[in-house]
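My notes follow the order in which I checked things.

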Amino acid sequence: MVRGKTQVRRIENATSRQVTFSKRRNGLLKKAFELSVLCDAEVALIVFSPRGKLYEFSSSSMEKTIDRYIMHAKDVNINKKAREHNAQQLKSDAASLMKKIERLEASKRKLLGENLESCAIEELHELELQLEQSLSSIRNRKYQMLEEQICQLKEKEKILTASIQEKLNAEARLQQCAPAVSDDYDSQNTDVETELVIGRPGTCKVK
């Protein structure tokens, strides 16, 4: 026969309630002892009967266990408060950043010429000054970059000029060497001995 599930609620009969308390109390104390032995756990159990009688079990020292519990509870509360404080700080920082982003977005739109209907004369004048300063900075940066490019081009020009001059000098040296070779060849040809013959064949030769 299947045993039905007992409904957990207060027992109205005083005698039955006292019997049930005694049985459950002993079972609970036994389970606490077994848990401490089997799992090497620090267990402390405190039970007050309906009449106010104290029943307790401790695997070591009840006072030490209670002190340890109090310290742990304090640490938990401190950590909880620290987490709550950090969460509040993060929310405050996030809200502040959102406001800053909104102000920056509004300022950017105004600098782009948008949403100027609500601006006063003073604010428009301030925007104009900001734009003039930005334009001046842009121009200075542009001139600086142009000067850097000019310097780079001048350096390239010097390198190319030096290279061309070196090639011209080399060609000039080659041209100077070429006539000297030709003169040597002509001088060798002038040393050839020539004879002039006058008269009929067999007559004297005139040198």
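I looked for aromatic pairs and found two in the structure. Rings of Phe, Tyr and Trp (its six-membered ring) pair if their centres lie within 6.5 Å; planes under 30 degrees apart are stacked, over 60 edge-to-face, and the rest tilted. Phe 33 and Phe 57 have ring centres 6.2 Å apart and planes at 80 degrees, so I noted this pair as edge-to-face. Phe 33 sits in helix α1 and Phe 57 in strand β2, so the pair ties together parts 24 residues apart in sequence. Helices (H or I, at least four residues) and strands (E, at least two) are DSSP runs, numbered from the N terminus.

I noted that the model is predicted: local features need pLDDT of at least 70, side-chain atom pairs count only at pLDDT 80 or more, and totals for chains, interfaces and linings use all residues. Residues are numbered from 1 along each chain as its sequence is written, and side-chain values use heavy atoms, with hydrogens and water left out.

Next I checked burial (buried is under 20% relative accessible area, exposed over 50%, partly exposed in between, with a 1.4 Å probe and protein chains only). Phe 33 is partly exposed at 46%, whereas Phe 57 is buried at 17%.

Then I read along α1, residues 14-39. Its buried residues are Phe 21, Arg 25, Ala 32 and Ser 36, and they pack against β1 (44-48) and β2 (54-58); contact here means heavy atoms within 4.5 Å. Just after α1, I found Asp 40 with a positive phi of about 50 degrees.

Notes
The expected span of a helix is 1.5 Å times one less than its number of residues.
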